[in-house]
Amino acid sequence: MSDIRNIVILTGAGISAESGLRTFRAEDGLWEDHPVEEVATPEGFARNPDLVQRFYDERRAGILAAHPNAAHEALGRLDAEWSGELLIVTQNIDDLHERGGARRVLHMHGEGLSVWCQSCDARHRWTGTLRDSPSCPACGEVAMRPDIVWFGEMPYRMPEIFAAIARADMFVSIGTSGAVYPAAGFVQEANLAGARTLELNLEESLGSRNFDETRLGEASELVPAWIEEVLG
Ligand code: BV8
């Protein structure tokens with residue numbers, strides 16, 4: 001591990017599964033309650049804003065009721081003790097990385113506790129609901145949507161992510177199925193950058209063949225063990 005200085009970590013819904021937040025593609029996955037095109041696309045929002053607002057109101061309440069697990073806390077410890085570069089790129093919209101102590105976190109698909117005014121472009125931390133059409137605290141208009149990157153929308157801060165991967169000595173993917181791009185392609189960028197690539201996941205993912213090493217199991221066990229290796 002002594003040759004490792006710059007680390008990029010990608011996380012997905014699997015790291016928050018043991019905190020009680022459902023993943024997307026398991027049999028009880030979120031998408032099965034609602035077809036994707038209905039709730040996670042701009043077209044779906046335009047067609048049925050009330051359904052989409054209620055879907056994210058439920059997700060927001062779930063986030064507030066959840067607690068970080070040992071995997072989030074281990075990454076918080078890494079962030080506090082790692083003297084090299086570190087970037088935790090998460091596809092998750094929960095704030096469990098932050099509540100687990102991590103600081104160097106980038107939410108590439110947005111955040112469940114943030115809302116975005118389509119009239120004045122302001123973003124606000126939001127723990128309430130949007131189904132009751134509240135006015136934007138900045139401009140007073142009723143025009144707020146979840147601050148979430150939907151299918152067909154550009155993920156946030158991509159240049160920053162690609163720059164971090166280009167400098168990485170190690171790329172670790174935790175709890176993601178490798179089903180959604182551009183996140184699913186990050187491991188190939190890391191391989192091109194000459195980084196070591198490690199996957200920690202409950203089961204083989206769509207991208208497992210692209211990793212130098214895949215360890216299968218629960219994040220709450222695999223992540224603390226890996227952090228011990230890195231910090232040890
Ligand atoms: C874009 C926010 C471009 C919403 C989400 C080919 C190439 C490039 C793009 C595309 C392409 N084909 C199609 C596309 C477009 C599309 C896409 O990838 N579609 C897929 C379906 C094929 N991508 C996009 O639209 C993206 N934007 O490409 O923009 C562009 C260019 C120009 C101009 C404009 C745009 C935007 C995608 C973002 C969508 N938003 N989330 C919300 O959260 O409600 S996606 C959502 O699903 C998540 O954010 C995440 O990213 C994604 C995958 O979910 P996972 O996190 O992996 O969860 P999943 O359930 O799938 O898997 C969980 C894993 O954990 C499993 O493997 C399981 O085994 C494991 N696990 C479970 N328990 C545990 C565990 N592991 C450890 N421990 C446990 N206990």
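Modeller: A polar contact is a pair of N or O atoms within 3.5 Å; inside the protein, one must be able to donate a hydrogen and the other to accept it, and sequence neighbours count only if both atoms are side-chain atoms. With that, the side chain of N69 reaches the backbone oxygen of I15 at 2.8 Å.

Biologist: What kind of model is this, and how are residues numbered?

Modeller: It is a predicted model, where local features need pLDDT of at least 70 and side-chain atom pairs pLDDT 80 or more, while totals for chains, interfaces and linings use all residues. Residues are numbered from 1 along each chain as its sequence is written, and side-chain values use heavy atoms, with hydrogens and water left out.

Biologist: Back to N69. Which backbone nitrogen lies 2.8 Å from its side chain?

Modeller: That of A71, which lies 2.8 Å from a polar atom of the N69 side chain. N69 sits in the loop between α4 and α5 (70-81); helices are DSSP runs of H or I with at least four residues, strands are runs of E with at least two, and both are numbered from the N terminus.

Biologist: Is N69 buried or exposed?

Modeller: N69 is buried, because its relative accessible area is 8% and buried means under 20% (exposed is over 50%, partly exposed is in between, with a 1.4 Å probe and protein chains only).

Biologist: And α4 itself: what span should it have?

Modeller: Helix α4 has 17 residues, 49-65, so it should span 24 Å, and its end C-alpha atoms are 24 Å apart, which agrees. The expected span is 1.5 Å times one less than the number of residues. Among the buried residues of α4 are L51, F55, Y56 and R59.

Biologist: Where is the oxygen atom of the ligand relative to the side chain of R59?

Modeller: An N or O atom in the R59 side chain is 2.7 Å from an oxygen atom of the ligand. For T176, a polar side-chain atom is also 2.7 Å from a ligand oxygen, and for N201 the distance is 2.9 Å. Taken alone the ligand exposes 1,500 Å², and the protein buries 75% of that.

Biologist: How many residues are around the ligand, and which come nearest?

Modeller: There are 33, each with a heavy atom within 4 Å. R25, Q91, G152, T176 and S177 come nearest. By class, the shell has 16 nonpolar, eleven polar and six charged residues.

Biologist: New topic. Which residue does UniProt mark as "active site"?

Modeller: The annotation, from an unreviewed entry, covers H109; such annotations may be inferred rather than shown by experiment. H109 lies in the loop between β3 (105-107) and β4 (110-117). At 12% relative accessibility, H109 counts as buried.

Biologist: What about E111?

Modeller: E111 is in strand β4 and counts as partly exposed at 34% relative accessibility. E111 and W126 are 15 residues apart in sequence and 9.9 Å apart in space, C-alpha to C-alpha.

Biologist: Which peptide bond is cis?

Modeller: The one from Y181 to P182, with omega near 0°. Y181 is in the loop between β7 (170-174) and α8 (186-192), and P182 is found in that loop too. Y181 is exposed, with a relative accessible area of 59%.

Biologist: Which residues have a positive phi although they are not glycine?

Modeller: D121 is one of them, at about 75°, in the loop between β4 and β5 (123-125). S133 has a phi of about 50° and is found in the loop between β5 and β6 (144-148). S133 is partly exposed, at 44% relative accessible area.

Terms used: Areas by Shrake-Rupley, 256 points an atom, 1.4 Å probe, with all protein chains shown as cover. Nonpolar A, V, L, I, M, F, W, Y, C, P; charged D, E, K, R; others polar.
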